[in-house]
Amino acid sequence: MAEEFDPAEVKQACERYVKKKGALTFGLANLETLERISPLGCGPSAMLPKVKSVLCVGVGGGTRGAWSADAKTLAYIGDTETMAYRVAYGLAFFLEAKFGYRSIFVPPDMDPEKGARVPLQSMKLHAEIAGIGARSMAGDILLHPEYGMMYYASVFTEMELLPDEPMAENPCPHSSCVKLYHQSGQTPCMRFCPVECLSGSIGDDDKVAEMNYNAHACAEMSQQYEAIPGVLLDTLDAKDPIERGMALHGPENQVIWYKLAIGAGELLALCYECMRVCPITQTAPLGNPIARGAGMRQKIAEAEAAAKAEHAVEQAAEKGD
Amino acid sequence: MAYGVTQQMIDTFGEIVFKLSLNKQTRRGDAVRELDFDILEANRDETGLTDEEIAERIGLLPEQVGVVRVFTERKYHKIDQHRRIYHLGGGKRWKKETYRSPAERLRFNEEAMMLREAINFKPELVARYIDDGYWINETLNGWLTDHAQNTPDAIAIIHPGGEVTYQELKNRVDQLTNGLLSLGLLKSDVVAVQLPNTLDFVVSYLAITAFGGVMQTIHMPYRDADIEFLLGHAQARAVICLPAFKEFQTAEVILSMKDNLNSLKHIITVGDSASEDCQSLQSLMIEGTPEIDNPPVGSDPFLLLYTSGTTSNPKGVPLTYQNMMSNARVSVDEFKMTPADCNLSAAPFSHLYGLFNFHVALNAGATNVLLPAFTPPDLAKMVEATKATTLFLGPAHATAMINAGLMDTHDFSSVRFSVFSGAACPQPMMKTYRDKIPGTRISQLWGMTETAGATYCRFDDAEDIPVRSAGRASPGDEVRVVSPEDGEPLPANTEGDLQVRGCSVFPGYLNNEEANADAFTEDGWFRTGDIAIIDGDGNITITGRTKDVINRGGVKFNPADIEDLLVQHPKVEMVAIVPVPDSALGEKACCVVTLLGEVAVTLEELCILLDEHKIAKNKWPERLEIIDEMPLTPTRKVIKGRLMDQL
């Protein structure tokens, strides 16, 4: 059963927990605001009927190295959302275990029944209302003035905690972007979008007046899951064997099957038999966990022996007393 | 369709649904962060709606909206867009802001794909050519670009209008490449060229091939029917020609064919202006570095030549860079050609021999001298004026100059090397020619449209070899002589059917399965149709054509040596011996002649000549036909098929 608690202390405990686990930001979104803004049937209560609080965590974007890598590499390693999910999943368990209130990790998935690109819950909205990010001109990607681009995850709980406010100021557009916009009519994100899915305007107050985002064009490039039915349809519609073969095995589509194969647990690169007989792999001094653990086991044994000896000394002393 | 959705419903509501959905999002101001619910509500339609909200808004069921939306999204969805990021590089590596998908950049016209489908080499042979370094990734434009970069001021071309350096040539080629691209021509599109050996020809050829096009040559003497057949068979998309040539109104005639030639879109005429419905070549000279989306590579076809058709309609012979470039590249060393050479081809560039010669000189970075039209005096003058060092000509060219005494009155001393090809080379002529240029070396080259320069004498060969033979196989090629009966290879010095295999041999005829079936053996040897002898050192001597062989009562003989004798008769200008049907013997020999003068020759007189040379009687012609004009190919080969039809 849930116990009495101090909301401020709980919030601090949650923040300590998530930051220890790797989150950079933490906040609570106002539930009433979320329900009001979310489309019908898309608010938190649609998912957890007795929800009282929405807790949001943000983790940092890619490493500095990722930002310096070429576009293809960055496309693979720029995202850190799994880190955020892991933290939030842990937070849900933490809330239940520590405070006894039912909680859920909010699934970061699309709602197939709601329409194009409609998520089950908008983590972006949660984070923005919780004050740990603000919408940018780059397709409403949230930005944080101290941490830049972040990935977010949410937890719903039946525990009633005190919500935070949205950010007082939006870091976007940056002053240099405003300058570029006035010179060229574009911000860097607009200018460098590979599919030109971004456009908009900055007002006289140097704040966003309008932001246009062609999500279809963006997803067309970056979200392969939408390509799978396309590939299959192209295969069916192919005019000749070469076209059919290209539809399935063309280099642009191979990555799809590669990812599907990973998902299906297929072999990736190794059957490992070469490494099973490789003397370097099999005899490397620190490649063997048993050998690696020997020192630790030795220390444990020594500590146990020492404790035992100490205990024996104590017992002997007691008897002597 | 599901949920009562019709195609009409999709057509009607598709765009509306697509726009209202989260596919398209517009945000005004910063209403969420500022919690300005009035603005949020006012802008809700623009920020993207769920299917339920869209349904409510436009009066469909949510499920119907889903179907309409999916089909509309499908219409717009392209599956390979992630390539854009690969292409763009990202960050400071940003390349071009405009991205074009490979499918768009690398597209081909249907006719071009038909041509490419004719490229059909044997994989095991190709593996060998690549392993041995004959086939590499090289193109004409690559060679030109290299020379323009490395020796920009070297003279690439000498023509009647002056000299052109490699840099100037490259600039002109780039300009015309831009012009041809502006016409929408794509890789492997065929562009026919009917031009003499002029600078316009060279620039056109290099520009067509620079953007990946395929040049089809049309011999200058060809007229209406020949041109229409060739343009139609090749499915040419453009033609570059003179407005008129002599009495022939080239552009006008080709324009009149346009309705029958579905593929033909552009008629380009040399000069600054053009008649209506044509474009001038000059108008296509557009400044700038060409942006070629689909640049040519070594395995691409770049030439479409046609056989001269001595026995049937001309056959289309597509040739790839690897075919022709390898043949030219390996020949440079064999001919000892260097950038210092000044090379003159008397052969037309519309013919493989002329092009082969041009390629060799281009590869070497030498100067190519252009002789627009052969006349003996013009050739002699051009050699003297340009101090040509290498001369590629046919025996007829040399004979004409010798007979006219031009080699005695003009300075030929600069010519260090002369190559003969195109027809049989009489030994006396070869010796005379060599005697006229002390210190020069001579060579015979044998090749066909299908084989390029398959055999030739090397620069260093012993003196007697080029007089009596067409030399050894070009590097990367093999030659053999086989029995006409069983196809088995024959020992040295035995006459038989000549076959060639190697890196310069063509990949198969265009749209001619029947000819292709006959052309090659199972293991890739090309049946040349020539009869030859190969000596112990591998030097070949062509002795005739298999199709010319006469089967007289089961005894077969090659009439070539008889023709060589009869043409020496003082009353005879040209001679051809062809088989005619005979009820008793099956076939017998008919001698067809044109006369040198007014006085007719008799069969008896011809037989006396043969008797004097101890020719066996069964080879004597048994019928004589005197005609006014011998049917000749543009390369001056007798069209025996037409003679037989006439007889």
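Mentor: Let's begin with a definition: domain bounds come from an automatic or database domain assignment. This model is predicted. By such an assignment, chain A has domain 1 (7-157), domain 2 (175-219), domain 3 (223-269) and domain 4 (270-321).

Trainee: What separates the centres of domain 1 of chain A and domain 2 of chain A?

Mentor: Taken over C-alpha atoms, those centres are 25 Å apart. The contact involves five residues of domain 1 of chain A and eleven residues of domain 2 of chain A. On the domain 1 side, two residues are nonpolar, one is polar and two are charged.

Trainee: What makes these residues count as "in contact"?

Mentor: Their C-beta atoms, placed from the backbone, lie within 7 Å, and two residues that meet this cut-off are therefore in contact.

Trainee: Let's look at chain A as a whole. Which helices and strands does chain A have, by number?

Mentor: Chain A holds 16 helices and eight strands.

Trainee: How do you know what share of chain A is buried?

Mentor: A residue is called buried if 20 or more other C-beta atoms lie within 10 Å of its own. In chain A, 32% of the 321 residues count as buried. As for contacts in chain A with a separation of 6 or more, 64% are between residues 24 or more positions apart.

Trainee: And chain B? What do its size and secondary structure come to?

Mentor: Chain B has 26 helices and 26 strands, and its C-alpha trace spans about 115 × 60 × 50 Å along the principal axes. Of its 647 residues, 46% are buried. Residues 24 or more positions apart make up 67% of the contacts in chain B with a separation of 6 or more.

Trainee: Which domains does chain B have?

Mentor: There are domain 1 (2-76), domain 2 (138-306), domain 3 (321-546) and domain 4 (549-646). The C-alpha centres of domain 2 and domain 3 of chain B lie 26 Å apart, and 29 residues of domain 2 are in contact with 24 residues of domain 3. On the domain 2 side, strand 2 (155-159) of chain B is among the elements that supply at least two residues; strand 2 gives the most, with five residues. By class, that side has 17 nonpolar, ten polar and two charged residues.

Trainee: Now the place where the chains meet. How many residues does each chain give to the contact?

Mentor: Chain B gives 40 residues and chain A gives 48 residues. Strand 1 (24-28) and helix 6 (62-76) of chain B are among the elements that give two or more residues to the chain B side. That side divides into 13 nonpolar, twelve polar and 15 charged residues.

Trainee: How do you know that strand 8 of chain A and strand 1 of chain B pair?

Mentor: Two strands pair if DSSP finds at least two bridges between them. Strand 8 (residues 208-214) of chain A and strand 1 of chain B are joined by five bridges and run antiparallel, which puts them over that cut-off and therefore makes them a pair. Within this pairing, E210(A) stands opposite R28(B).

Trainee: What makes strand 7 of chain A and strand 1 of chain B edge strands?

Mentor: The open sheet has three strands in the order 7(A)-8(A)-1(B), with antiparallel pairing. Strand 7 (198-202) of chain A and strand 1 of chain B each have a single partner strand, so one side of each is left without a neighbour in the sheet. The twist averages 5 degrees from one strand to the next. Five bridges also join strand 7 to strand 8 of chain A, and I202(A) has V208(A) as its bridge partner.

Notes:
Residues are numbered from 1 along each chain as its sequence is written. Chains are lettered from A and ligands numbered from 1 in the order in which they are written. This is a predicted model: local features need pLDDT of at least 70, side-chain atom pairs count only at pLDDT 80 or more; totals for chains, interfaces and linings use all residues. Helices (H or I, at least four residues) and strands (E, at least two) are DSSP runs, numbered from the N terminus. Ala, Val, Leu, Ile, Met, Phe, Trp, Tyr, Cys and Pro count as nonpolar, Asp, Glu, Lys and Arg as charged, and the others, Gly among them, as polar. A residue is buried if 20 or more other C-beta atoms lie within 10 Å of its own, exposed if 12 or fewer, and partly exposed in between; C-beta atoms are placed from the backbone. Axes are lines fitted to C-alpha atoms, for helices over the stretch in contact, and angles run from 0 to 180 degrees between N-to-C directions.
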